[in-house]
Amino acid sequence: MNHVSTGQVSRSRRLVASEQELRDAIARELPGQDLGGLVVMGGHFMLFEDEASGRLVPGVIEEQADETMRRRIAGRVGIFPGYTWELSAGLLRDYAAAGVESRLLLLVNDWQYVPSADRPAGELRAEFFEGFTALPAAYEKILCEAGLSAADVLPSRKHPLAFPETWLKYRFQKSADRLVKQGRLEKRYLDGGSGDSEVAFLDAAGNYRTLISCGITGCAGEITEMVAEVYRAGYRAILIFAPGECLMPVQTGVDIALSLYDLPGMRVVIADPGGSGEMSPEEIYGKLVTVSTFRS
């Protein structure tokens with residue numbers, strides 16, 4: 001295990017090769033007797049367009065009857081959404097039994113595969129979230145089997161069941177403007193005379209971490225804002241199941257949240273079990289899973 005402490009934020013990292021090793025690592029980093037409250041982010045899914053209806057639908061294999069859509073989702077994210085939701089529900093059940101106040105958090109990627117050729121992307125997103133009045137049936141079934149319900153899902157200030165990524169991106173853009181004025185983030189203009197700029201964070205090692213480039217907020221910025229939202233809701237511990245391809249920006253987002261915002265006593269654990277088309281736990285853990293811990 002690697003451990004680094006920089007300023008007021010400590011960081012550690014380990015690799016695990018099985019689900020049991022993952023559970024053991026989580027138990028070590030988030031011991032039940034040491035937690036006042038815990039939020040578990042699992043079940044993260046993208047939105048895909050259902051070509052038959054022209055509407056956006058959750059990118060969860062178990063929710064799709066159409067074989068073409070199932071193959072499309074399987075090739076992109078594999079079993080990650082359903083698998084991490086099941087992991088999260090089981091952990092929540094165990095922590096609740098230990099007397100820990102725990103909630104699930106559902107982060108929805110509502111921008112990456114949202115088309116805008118026929119209708120504005122914003123209109124498609126609004127239509128999806130207006131109709132998103134219940135969790136996917138497969139998610140409801142997993143919650144029921146764990147003795148949980150949708151009442152155990154942490155609402156965002158945007159939606160009662162989900163944290164939309166686009167909303168978090170917009171919130172971070174507003175926060176970044178304030179942080180630039182305070183001198184805590186740096187705005188730099190790009191070469192070429194186009195007027196394009198980027199907003200970056202200068203870390204303790206002297207490295208620039210870009211958060212906004214040409215007006216586009218990356219995953220790090222939205223995760224920074226999500227951590228702040230969870231802290232604002234009164235929780236001081238978060239377990240994040242992130243897709244492997246998103247691990248680095250998620251780690252950056254957490255690091256920046258704990259470094260920039262006043263979030264004392266915060267503990268964040270990040271794990272990346274799949275998310276790139278893996279279709280079995282054996283395939284997921286055969287590639288090894290990273291478990292990173294950040295403390296403020």
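My entries on the sheet and the salt bridges follow.

**Ground rules.** I worked on a predicted model, where local features need pLDDT of at least 70, side-chain atom pairs count only at pLDDT 80 or more, and totals for chains, interfaces and linings use all residues. Residues are numbered from 1 along each chain as its sequence is written, and side-chain values use heavy atoms, with hydrogens and water left out.

**The sheet.** I took strands as DSSP runs of E, at least two residues, and helices as runs of H or I, at least four, numbered from the N terminus. Two strands pair if DSSP finds at least two bridges between them. I found an open sheet of four strands, in the order β5-β4-β7-β8, with mixed pairing. β5 (55-58) and β8 (163-164) are the edges; each has a single partner strand, so one side of each lacks a neighbour in the sheet. I then checked β7 (residues 107-109): two bridges join it to β8, and the two run parallel. V108 has P164 in β8 as its bridge partner.

**Salt bridges.** I counted a side-chain nitrogen of Lys or Arg within 4 Å of a carboxyl oxygen of Asp or Glu. The structure holds 17 of them. D255 bridges to R11, with the closest N and O atoms 2.7 Å apart. D255 is in helix α8 (residues 247-260) and R11 in strand β2 (residues 9-16), 244 residues apart. Are they buried or exposed? Both D255 and R11 are buried (under 20% relative accessible area; exposed is over 50%, partly exposed in between; 1.4 Å probe, protein chains only).

**R119.** I saw R119 form salt bridges with E123, at 3.1 Å, and with E127, at 3.2 Å. R119 has a relative accessible area of 27%, so it is partly exposed.
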